[in-house]
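Work through the exercises below with the structure in view. Try each task before reading its solution.

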Amino acid sequence: MKPSHTLPWWYGGSLVVALFTLLPLYIMVKSSVSPPHDIFTPNPTFGVSALTDAHWKAVLASETLWPPLGKSLAVATWTMLAAIGVAAPAAYVISRLPWPWKYGVLLGLFASRMVPEVGIALPIAVRFLQWGLVDSQLGLVLAHLIKTLPFVAWILVGSFEAIPVAVEEAAEVDGCDRLGVLTRVVFPMALPGVAVAGLFAWLESWNEFTYALYLSLIDNTLPLQIYYYITRGSWFDSATYATILTVPVIVVTACLQRYLKAGYLAGAVKE
Amino acid sequence: MHRAVILLLGLFIGCEQAPEPSHNELTVMMGLAEVEWRVMREQVFPPFEHQHQVRLRGVQAEAPDAAKKLVAMHRAKRMEVDLITQDVLQLAPLVNAEVMEELSAYREAIPATALPHLIEVGTFDGTVFFMPYRPNVQIAYYNEEKFRAYELHPPQTWPELLAVAQRFHAAEGVGRVLVQGTLTPNTTTQVIEFIWAAGGDPLVLNDQGSVEALTFLQQLAPYLSPETRRADWNTVNAFLATESVYLARNWPFGIHLLVQEAGKTQIKAHHGWRGPVREAHVLGGEVIGIPKGARQRELALEFMQYLMSKPVQETLVSSLGWPSFRSDAYGSIQAWQEPYFAAVQEALTQAYPRPQLSYWGQLDRALTGAFREIVYEGQPVQATLDRYHWELQQGRQHNRR
């Protein structure tokens, strides 16, 4: 609990940071609903002086929006589920290892992330192309797992570590078998960590560009589509697509945020 | 084993591999805006599809990305693309990576009316790798209202360019003339144009013409727009549209954006300015190539000839305002495009191909480095260029070895 005299500073500082973060988003949304004469002027106004839905209508009617949006949503969701599905059991085991082994394994996981993405993307893309994974969701999910799995595992190891072994022992004393301990006690208690890891995996996949560029020919993901509009210079389409790109991020974050709770382990075991 | 794992994972996550392209499909990779793709799909592709009973699949890829994708597919021995049209300033990486088919045997397919320089850019050490398709050149965009307000005319010579830059700077307290100065290949292209205009050779870099060109740029520097450091082929359009810049050279694709999308009808174009020796532009544009291992090689060769044909070239002139590489292809463009098209045509008469070099990266670094030191940091011109000349020679010798 913060002392009451520091609260105004705390809220004021938070407000400044929030405004600083939201300003680019505001300009992006404003551009997507403003007519050209409102934007292409030497002294643009901060507020929205005129509104138009022309850019949104054009983009929503475009054949180039829905397939990339659907592909990005599917790939990001499957990546998140696969990452959690693979990493959660592994992370639990790692978290219960003696510490030299635990940190050895964690360092090993991160060693795979020491090489810059652009350095390994080409050989990986070549292998995936050989497997016929071009333009497929599966190819992108596998590629995105390369990026996300080590971090998801790392986040989850931290979450499982925080759950005292005594809680598991107490559950066993109360009659839970080993699987029941995991599914009824450990994993529910690790939900905040799982939510963070899931959010991280989803966002990483949603925004991923390098592998998508190599592994997409006809069916683009949404970031590739926005890149296309930015490089081909259609300003209003770019702003509208970019706004659309942020909407699912807000929805997913809002959905997962309710699992992000502090102090969930308070009173779990008697000291 | 691998396939079994993939199949299992595919079943697990409920998605499947993309279907293989069928035998009557031809995949072509181009870097186009949406309006350009529409012309391809509605006007250019259908006659060929009908004649050959084939379906054309258009793949969008910007020039550097196209090179990355082709290299990956070539290494995977799984070429998914049958034909590409590629930026002439981005050909060397494809040839160096040995991913393009040699087309010397089809030299006769090039029309006699073709722009010779566009044939030259597709030829490496006497071997033809690319066929001419579409010439392009940078033109000078200017804000007519601002020029009129200050009783100025678009500059035709270097002294006029300097005078215009000084007048804007004096009147508004900030530079309104811009050179693409992001120290990327955009800068290289514009520096080469200045050096050529002074009769210099960018491959030598410390000759009289090069010294004269960089000396002029150093004189121009205090009057340049501060946006110069952020200006590339993409951002220049925004600077012109928001009227933070009144004069800049850029590629003609900006015409549509500035006039049609941003509604800036006061932005006009002219061909450019001459230096002490001549007016000079770097020849841009696109050429046609066929990747090694293309599944539909024979059909791709047919399509290559179709793209070079007079009817297709006339369609591209009429519908997109692209100048043709054929001197016998004419088209009727829309009225609003006419002055811009005339500027491009005029500039094309003074366009020269950039040399195709295996050590292009070194030249790129030398030119942008010299620009940075001389224009941004005010270093002495001759001494700086002497140093870069020496570095360039070392790089060239190293490359030969």
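Buried means under 20% relative accessible area, exposed over 50%, and partly exposed in between (1.4 Å probe, protein chains only). This is a predicted model: local features need pLDDT of at least 70, side-chain atom pairs count only at pLDDT 80 or more, and totals for chains, interfaces and linings use all residues. Residues are numbered from 1 along each chain as its sequence is written, chains are lettered from A and ligands numbered from 1 in the order in which they are written, and side-chain values use heavy atoms, with hydrogens and water left out.

**Exercise 1.** Classify A:Glu172 and A:Arg178 by accessibility, and describe their salt bridge.

Solution.
- Step 1: A:Glu172 has a relative accessible area of 38%, so it is partly exposed.
- Step 2: A:Arg178, at 42%, is partly exposed.
- Step 3: A salt bridge is a side-chain nitrogen of Lys or Arg within 4 Å of a carboxyl oxygen of Asp or Glu. The closest N and O atoms of A:Glu172 and A:Arg178 are 3.3 Å apart.

**Exercise 2.** Find which strands hold B:Glu25 and B:Arg57, and state whether the two residues are buried or exposed.

Solution.
- Step 1: The side chains of B:Glu25 and B:Arg57 form a salt bridge (3.8 Å, N to O).
- Step 2: B:Glu25 is in strand β1 and B:Arg57 in strand β2 (residues 55-60) of chain B, 32 residues apart. Strands are DSSP runs (E, at least two residues), numbered from the N terminus.
- Step 3: Both B:Glu25 and B:Arg57 are buried.

**Exercise 3.** Decide whether B:Thr27 is buried or exposed.

Solution.
- Step 1: B:Thr27 lies in strand β1 (residues 25-30) of chain B.
- Step 2: Its relative accessibility is 1%, so B:Thr27 counts as buried.

Methods. Helices (H or I, at least four residues) and strands (E, at least two) are DSSP runs, numbered from the N terminus.
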